[in-house]
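Have the sequence and the 3D view ready.

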Amino acid sequence: MDVYTVSLFGHSRLSNPMDIEKALERAVRELIKTKEYVEFLIGRKGDFDLLAASVIRTVNKELDYGNVSLVLVLPYSTSEYRKNKENFEKYYDEVEICGQSALAHFKGAYRICNRSMVDRSDLILCGIERENGGAYQTIEYAIKQQKPVKNIGYSTLPSRK
């Protein structure tokens with residue numbers, strides 16, 4: 001089976017969630033319809049991540065192609081995850097603890113985890129409107145790794161001056 005891996009990154013606070021939701025729906029629908037199997041890798045650190053996970057689940061249920069996996073990738077085992085493990089495992093098809101970041105200092109764990117997700121991806125979908133923050137730094141890394149990046153809900157990626 002040909003697995004197409006897509007990682008999603010965006011700001012923890014969104015200024016236009018409705019626009020991003022519509023753009024994500026179109027992109028997710030197209031991927032599900034055109035790829036044999038799509039593995040979506042996602043975190044859980046803010047508005048974009050929660051919105052993207054919801055959109056993926058909704059579109060997947062609607063299309064019912066049976067070719068989607070929604071994978072939550074955590075940098076380490078969080079207390080939220082440990083307390084609600086059963087609910088997480090019902091919502092996501094799989095929950096992974098990133099091995100590379102789990103052993104790192106917590107201050108650098110998200111960066112390490114995000115880079116690991118980029119490294120294993122065929123495509124990066126993002127919701128980036130500002131030139132700062134962890135999501136933006138991750139997209140800069142993805143571009144340096146020559147990964148295809150599609151900025152959802154925005155015409156282009158911001159460029160540093």
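Is T5 buried or exposed? With a relative accessibility of 6%, T5 counts as buried; the label "buried" means under 20% relative accessible area, "exposed" means over 50% and "partly exposed" is in between, using a 1.4 Å probe and protein chains only.

## Before we go on

This is a predicted model, where local features need pLDDT of at least 70, side-chain atom pairs count only at pLDDT 80 or more, and totals for chains, interfaces and linings use all residues. Residues are numbered from 1 along each chain as its sequence is written, and side-chain values use heavy atoms, with hydrogens and water left out.

Helices (H or I, at least four residues) and strands (E, at least two) are DSSP runs, numbered from the N terminus.

## Two residues in strand β1

T5 sits in strand β1. Its side chain and that of E39 are joined by a polar contact of 2.9 Å. A polar contact is a pair of N or O atoms within 3.5 Å; within protein, one must be able to donate a hydrogen and the other to accept it, and residues adjacent in sequence count only if both atoms are side-chain atoms. Not counting residues up to four places away in sequence, T5 touches E39, L41, R120, S121, D122 and L123, where contact means heavy atoms within 4.5 Å.

Y4 is in strand β1 too, and Y4 is buried at 19% relative accessible area. Leaving aside neighbours within four places in sequence, the contacts of Y4 include L31, K35 and Y37. Now look along the chain to M18: Y4 and M18 are 14 residues apart, and their C-alpha atoms are separated by 26 Å.

## Helix α1

Helix α1 covers residues 17-34, which makes 18 residues. From first C-alpha to last it reaches 25 Å, close to the 26 Å expected at 1.5 Å a residue; the expected span is 1.5 Å times one less than the number of residues.

Which residues of α1 are buried? They are I20, A23, L24, A27, V28, L31 and I32. These residues lie on the same side of α1 because they cover an arc of only 165° around the axis, the arc being that of the directions from the helix axis to the C-beta atoms. The face turned away from the buried side carries the exposed residues M18 and R26. The buried residues pack against several elements, including β1 (3-10), β2 (37-42) and α2 (47-63).

## Helix α2 and what follows

α2 has 17 residues and reaches 24 Å from its first C-alpha to its last, close to the 24 Å expected. Its buried residues include F48, D49, L51 and A52, and the buried residues of α2 pack against β1, α1, β2, β3, α4 (85-91) and β5.

Most residues other than glycine have a negative phi. D64 is exposed, with a relative accessible area of 64%. Over in the loop between α7 and β6 you'll find Q146, with a positive phi of about 60° although it is not a glycine. Q146 counts as exposed at 72% relative accessibility.
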